[in-house]
Amino acid sequence: QVRLVESGGGLVQPGGSLRLSCAASGSISNLYNLGWYRQAPGKQRELVVVFANYAAPVKGRFTISRDNAKNMVYLQMNNLKPEDTAVYYCHLVNTPYWGQGTQVTVSS
């Protein structure tokens with residue numbers, strides 16, 4: 001069984017930064033198989049980053065990192081824009097395992 005728990009979301013002004021965390025537990029062989037996705041209101045869930053592949057809208061602003069000792073995956077988000085507003089999810093690729101999501105709101 002796999003458990004993924006996101007944290008770190010919140011309200012931030014445009015141009016600000018947030019760091020999301022995903023705490024992973026269970027049968028995960030490699031943290032590189034954990035990616036980040038997001039879902040904005042009224043839109044489909046979309047890829048943010050998986051492995052080292054970033055979606056075009058976030059490239060150069062977001063960075064994924066991993067701490068193997070703590071079984072944690074992070075998403076550093078800089079220069080946030082209102083269109084980054086979404087629920088952000090941690091996902092173990094090619095499995096049905098998702099976290100519960102954390103809300104990110106970018107607004108002045």
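This is a predicted model: local features need pLDDT of at least 70, side-chain atom pairs count only at pLDDT 80 or more; totals for chains, interfaces and linings use all residues.

Q: What is the order of the strands in the open sheet?
A: The order is β1-β3-β8-β7, with antiparallel pairing among these 4 strands. Strands are DSSP runs (E, at least two residues), numbered from the N terminus, and two of them pair if DSSP finds at least two bridges between them.

Q: Which strands stand at the edges?
A: The edges are β1 (2-7) and β7 (62-67). Each has a single partner strand, so one side of each is left without a neighbour in the sheet.

Q: And how many bridges join β7 and β8?
A: There are 6 bridges between β7 and β8 (residues 72-77), in the antiparallel sense. In one of them, D67 has M72 of β8 as its partner.

Q: Changing topic, which residues form a disulfide?
A: C22 and C90 do, with their sulfur atoms 2.1 Å apart; a disulfide is a pair of cysteine sulfur atoms within 2.5 Å. C22 lies in β3 (residues 18-26) and C90 in β9 (residues 86-92), 68 residues apart.

Q: Why is the disulfide left-handed?
A: The torsion about the S-S bond of C22 and C90 is about -85 degrees, so the disulfide is left-handed.

Q: Are C22 and C90 buried or exposed?
A: Both C22 and C90 are buried, that is, under 20% relative accessible area, whereas exposed means over 50% and partly exposed lies in between (1.4 Å probe, protein chains only).

Definitions and conventions: Residues are numbered from 1 along each chain as its sequence is written. Side-chain values use heavy atoms; hydrogens and water are left out.
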